[in-house]
Amino acid sequence: DSYTRVNSAAAATVDLVTSTLVDDFAAYKITASVAAANVIDLFWTDSANANVAFIGQLNFASAGTFVYDFPDSMLRNPNRQGGKLRMTTSTGAATVVDVIGHIVQAGQ
């Protein structure tokens with residue numbers, strides 16, 4: 001299993017999880033916490049940041065936390081090996097995203 005924490009304090013696009021050429025990633029849970037109003041887009045890409053597969057948008061009016069929970073059927077990157085789980089934030093508000101998932105070996 002895999003755990004990643006990413007902190008961001010800028011309006012930016014950030015990699016949350018980057019797979020290698022021999023594995024990909026499946027998410028069990030994604031938790032986003034913000035210190036102030038913020039819009040977060042969560043999405044999958046391939047290794048070149050193309051072939052975007054949108055997961056969802058979190059629109060925070062003020063400080064708060066939101067949890068995506070995928071316990072029964074892990075949310076898997078449709079781009080498979082070499083893909084990325086990414087986010088875009090709209091403001092410089094402190095943003096913390098925790099990702100819990102599973103590294104999936106090629107062929108699984």
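**Figure 1. Tyr68 and Phe70 are both buried in this predicted model.** Tyr68 has a relative accessible area of 17% and is therefore classed as buried, the limit being under 20%. The rings of Tyr68 and Phe70 form a stacked aromatic pair, with 5.8 Å from centre to centre and 10 degrees between the planes. This angle counts as stacked because it falls under 30 degrees.

**Figure 2. Phe66, Tyr68 and Phe70 make up one aromatic cluster.** Three aromatic pairs are present in the structure. One of them joins Phe66 to Tyr68 in an edge-to-face arrangement, with 5.3 Å between the ring centres and 80 degrees between the planes. The planes of Phe66 and Tyr68 are over 60 degrees apart, so the pair is classed as edge-to-face. Phe66 is partly exposed, at 37% relative accessibility, whereas Tyr68 is buried. Tyr68 takes part in the edge-to-face pair with Phe66 and also in the stacked pair with Phe70.

Figure 3. In general, the strands of a sheet pair through backbone hydrogen bonds.

**Figure 4. Strand E2 pairs with strand E8 (residues 84–89) over five bridges in the antiparallel sense.** Within this view, Val14 stands opposite Met87, a residue of E8.

**Figure 5. Asp15 forms salt bridges with Lys84 and with Arg86.** The side chains of Asp15 and Lys84 meet at 3.7 Å, N to O. This pair links distant parts of the chain, with Asp15 in strand E2 and Lys84 in strand E8, 69 residues apart. For Arg86 and Asp15, the closest N and O atoms are 2.5 Å apart. Here too distant parts of the chain are linked, as Arg86 in strand E8 and Asp15 in strand E2 are 71 residues apart. Asp15 is partly exposed, at 29% relative accessibility. Lys84 is buried, with a relative accessible area of 12%, and Arg86 is likewise buried, with a relative accessible area of 12%. Salt bridges with shared partners join Asp15, Lys84 and Arg86 into one network.

**Figure 6. A salt bridge connects Arg80 with Asp24.** The closest N and O atoms of Arg80 and Asp24 are 3.9 Å apart. This distance counts as a salt bridge because it lies within 4 Å. The pair links distant parts of the chain: Arg80 belongs to the loop between strand E7 (75–76) and E8, Asp24 belongs to strand E3 (residues 23–34), and 56 residues separate them. Arg80 is partly exposed, with a relative accessible area of 33%, whereas Asp24 is buried, at 0% relative accessibility. The structure has five salt bridges by this criterion, including the one between Arg80 and Asp24.

Terms used. Residues are numbered from 1 along each chain as its sequence is written. This is a predicted model: local features need pLDDT of at least 70, side-chain atom pairs count only at pLDDT 80 or more; totals for chains, interfaces and linings use all residues. Side-chain values use heavy atoms; hydrogens and water are left out. Two strands pair if DSSP finds at least two bridges between them. Helices (H or I, at least four residues) and strands (E, at least two) are DSSP runs, numbered from the N terminus. Rings of Phe, Tyr and Trp (its six-membered ring) pair if their centres lie within 6.5 Å; planes under 30 degrees apart count as stacked, over 60 as edge-to-face and the rest as tilted. Buried means under 20% relative accessible area, exposed over 50%, partly exposed in between (1.4 Å probe, protein chains only).
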